[in-house]
Amino acid sequence: MNLTYTPEQRAFRAEIRDWLARHVPDKPLPSFDATREGFEAHRAWERTLAEGRWGMVTWPREYGGRGVDLIQWLIFEEEYYRSGAPGRVNQNGIFLLGPTLMEFGTPEQKARFLPAMASGDEIWAQAWSEPQAGSDLASVRATATRDGDHYMLNGLKTWSSRAAFADWAFGLFRTEPGSQRHKGLTLILFPLNAPGVTVKPIARIDGKVGFAEIFLDDVRVPVSQRLGDDGQGWHICMVTAGFERGLMLRSPARYQVAAARLAALYRRQGNPADSATRAAVARAWMDAEAYALSIYSTASRILAGQPIGPETSTNKIFWSELDVALNRVALSILGARAELMPDPDEPDPTGDWLDDYIFSLAGPIYAGSNEIQRNIIAERMLGLPR
Amino acid sequence: MNFTFTDEQKMLAEVVRKLMDDRCPPPALRSLMDAGAVHDKGRWAAIVETGLMPVLVPAEQDGLGLAEVDFAIVAEAAGRAALPEPLVEHAGIALPLLAAAAPGHTLLSAAMAGEVTVAIGHPVNPLVADADTAAALLLVHDGELHLVERDAVRLIRKPSIDPFRRLFAVEWVPSPASRLATAATAGPLLADALDRGALFAAAQCLGIAQRCVDLAVDYAKERTQFGKPIGSTQAVKHLLANVQVKIEFARPVLQSAAARFAARDVRSRAVISHAKLVAAEAADLGARTAIQVHGAMGYSWEVDVHFFLKRALALTYAWGDPAFHTARIEQRVLNHPLGPDQTFLNETDHA
């Protein structure tokens, strides 16, 4: 156990800190979930990152990365969030499909999709859930029917984040007619502008179109866009879900930066006599630090060659709950002003906390609801019967 | 940056866990209690035999010179077993304090051999644990550290709800002969003792928490109601999953706190306090959840869970109560730099 950074790791931190200081836009970009303009501004930022070879640092150089290890990945994320750089519009691609392609893709698929993903030229949406297949994902009904060297996709996907403006989606389809549950499912990549695809944005509780329905009506895609084999879809999705709940999707740095902002808010506007709020600020910091320490611990174990296990489910519960709690503390400091919407003329950025709080309420639901995660912990970590 | 244990540390964890499983299973706790005995001499001899006494004594004084990370492994196993003997207070706190305050003291070799124990009356605790079986007591008067033979003090037993904790009020008279260190010298040493006390209480709590989950899981698999094991219902699953989440996010904090002990600054101390708080919360939630999962059986003397509930209760308030540790964390959070690049930094990294 050695909890200090190596000179190489410190140099890496200095390098990314310096680059971000010179490239991060002065003003926040407009939301990528509200308008096409905001979406494209974020795509342009992804291109800037890629030009600096910072798009996805853990990827091999041939796919636009730097081939660095998970500790350096965490350092990158820490500096990224510290700098206030824009959110990653392609997170479904780079954090979920990317690692999955790396593990299950053919050399041709990797060469075709990874560089375009790293550069932001192709932004990805996830097309797994259906109206009848949410927590019970194995009841997927959308079909992919083999037709020579093509599949015909039919069905309805929903709650697909970023799909309103994205270019491609990776979907879970039933390729074996009449198959039940986890069997006969296959992962297929398809462009969202293909004939037969209709995307209908869904407004979230904040009014933004962060997700969409995807209607598929005889959408023809070549077999070469199948990831893995026929019938391997469930297994691949579970590996992807591990990335989603585990290391990649929610970097601890996001919450550590938020906890630092919260402490600053308390110092500026908190009531010194309010010891309950002071303790809640300390608790938000503790939780963000605990999450970071846990992720460093997991990264160390992965680097030592140990597999990532059901602990990803504990991660997902922990970060989603700490996010809600942290933002609620901020609202309690803001008090009666907490309800105020963002106002460009308002010098004090009250509205950010409100936005972050509303967004945090999605955390316990997406990427597998926390109730599903508790089942996974109980059954796979603790060995309780199904 | 490496957050994994060495092979030696993994072996230590295995050895101590097996020692506790063999020597300190719940039936052994009950027979000790039924016999009205204070300690189990055979178990203590086996612990001494394993070489756990000198873990934190420097190599120059014939100790093993290992670190807090290593002893935290020992303390976790002791907590998991609700060990009655004073392994943690003697070997984890009193011995390194004695070795630091009085290098080469005549008592040290017998104490390292486990022939005698040393009790500690730290100002943060109102009472002294295991004072009656100790050969001598480390006591504090006006900030000075004294070593006093047990026969030279008057002990008043204060029964604890934990049947295996032996607490005493101590009446004693300090003298120049008993003084080991002046207040100036003793201050930093007592701060170390407090940090070790809090750290190893946290480690014991983590062991207690996992033991409670394990007991409840075993019961939930066996106990059937409505024609199926109660552990197959989501209501029970989610109770236990919540405890496991608490444990999973207390463990890396404990490991980090132990690894950073030697920095002895406001940052490393905040992590120790963090570990103490969340490990105690995990133990408390674990014990209460285990009782709930066991139902009426869980409320009975017959089921072992109450041993762990009581030890968790005691350790939650020993070596700094939650208010004490929360204040140390607030001091760090409100007065020192925060952010993701700060997690592993010490004060001196900014000098």
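How much area is buried between chain A and chain B? About 4,500 Å², with carbon and sulfur atoms giving 71%. Buried area here is the accessible area (1.4 Å probe) that two parts lose on being put together, summed over both.

This is a predicted model, in which local features need pLDDT of at least 70, side-chain atom pairs count only at pLDDT 80 or more, and totals for chains, interfaces and linings use all residues. Residues are numbered from 1 along each chain as its sequence is written, chains are lettered from A in the order in which they are written, and side-chain values use heavy atoms, without hydrogens and water.

**Stop one: the interface.** Select Met1(A), Leu3(A) and Trp285(A). On the side of chain A, these lose the most area to chain B, together 20% of what that side buries. In total, 55 residues of chain A are in contact (heavy atoms within 4.5 Å) with 46 residues of chain B.

**Stop two: a salt bridge.** Show Arg283(A) and Glu281(B). They form a salt bridge (a side-chain nitrogen of Lys or Arg within 4 Å of a carboxyl oxygen of Asp or Glu). Their closest N and O atoms are 2.6 Å apart.

**Stop three: a core.** Pick Phe71(B). Beyond its neighbours within four places in sequence, its contacts include Leu52(B), Leu87(B) and Phe200(B). Phe71(B) belongs to the largest nonpolar core, of 201 residues. Such a core is a set of buried (under 20% relative accessible area, 1.4 Å probe, protein chains only) Ala, Val, Leu, Ile, Met, Phe, Trp, Tyr and Cys residues joined through side-chain atoms within 4.5 Å.

Technical notes. Buried means under 20% relative accessible area, exposed over 50%, partly exposed in between (1.4 Å probe, protein chains only).
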